[in-house]
Amino acid sequence: MLGLIVRFIVSALVLLVIAALIPGVTVAGFWGALIAAVVIAVLGYAVEAILGDRISPRSRGLVGFITAAVVIYIAQFIIPSYFSVSLIGALIAAFIIGLVDAFVPTELR
């Protein structure tokens, strides 16, 4: 449970930093970033459950990168008052989130 909370807080902080750096991404404060992180995680889990591990947003590779960008882009339609992103912003955000996920452990092991 603690690992899940840490993961969402780190994801929300990463979204806040991305929103500050990339002009195509906007987030409505920390709570908006936290809600967006939860929605992105749920969408990523749904994609993985439906299509399998090979197309998971967590996988390393081009398919995982594109899937993560699509998940980030779709999240804005679920929570439009908290999160918005352009198509290019979603691609850049997916790249940065992939880098952070590769170097910063977001799960307690």
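**Figure 1. Order of the elements in the predicted model.** Read from the N terminus, the elements of the protein follow the order α-β-α-α-β-α, in a model that is predicted. Four helices and two strands are present in the protein, which has 109 residues, 34% of them buried. Of the contacts between residues at least 6 apart in sequence, 59% join residues that are at least 24 apart. The protein has an accessible surface of about 6,600 Å², and carbon and sulfur atoms account for 75% of that surface.

**Figure 2. Helix α1 and the elements against which its buried residues pack.** With 20 residues, α1 spans 29 Å from its first C-alpha to its last, a value close to the 28 Å expected at 1.5 Å a residue. The buried residues of this helix are G3, F8, A12, V14, L15, I18 and A19. Their packing partners are β1 (25-27), α2, β2 (83-85) and α4 (87-103), so that the buried residues of α1 pack against both helices and strands. L2, which is also placed in α1, is by contrast exposed, because its relative accessible area of 55% lies over the 50% cut-off.

**Figure 3. The nonpolar patch on the surface.** A nonpolar patch is formed on the surface by M1, L2, L4, I5, I9, L13, F30 and W31, whose accessible area together is about 870 Å². Two or more residues of the patch are given by each of the elements α1 (2-21) and α2 (29-51), and the largest share, five residues, comes from α1. Among the members of the patch, L2 has a relative accessible area of 55% and is exposed, as is W31 with 62%, whereas F30, at 31% relative accessibility, counts as partly exposed.

**Figure 4. The aromatic pair of F30 and W31.** How many aromatic pairs does the structure hold? There are two, and the one shown in this view joins F30 and W31, with 5.7 Å from centre to centre and 70 degrees between the planes. This pair is classed as edge-to-face because the angle of 70 degrees is over the cut-off of 60. Both F30 and W31 also belong to the nonpolar patch on the surface.

**Figure 5. The aromatic pair of Y73 and F77 in helix α3.** Y73 and F77 form an edge-to-face aromatic pair, in which the centres are 5.5 Å apart and the planes are at 80 degrees to each other. Both residues lie in helix α3 (residues 62-78), where they are four residues apart, a separation of about one turn of the helix.

Figure 6. Which residues are in contact with Q76 once its neighbours within four places in sequence are left aside? The contacts of Q76 are then with F83, S84 and V85, and the strand β2 has the residue range 83-85.

Key. Residues numbered from 1 in each chain as written. Predicted model: local features only at pLDDT ≥ 70, side-chain atom pairs only at ≥ 80, totals over all residues. Heavy atoms only, no water. Buried < 20%, exposed > 50% of the residue type's maximum accessible area, 1.4 Å probe, protein only. Contact = heavy atoms within 4.5 Å. Areas by Shrake-Rupley, 256 points an atom, 1.4 Å probe, with all protein chains shown as cover. Patch = residues over 30% accessible without salt bridge, like charges linked within 9 Å, V, L, I, M, F, W, Y side chains within 5 Å. Salt bridge = Lys/Arg side-chain N within 4 Å of Asp/Glu carboxyl O. Phe/Tyr/Trp six-rings, centres within 6.5 Å; stacked < 30°, edge-to-face > 60°. Expected span 1.5 Å × (residues − 1).
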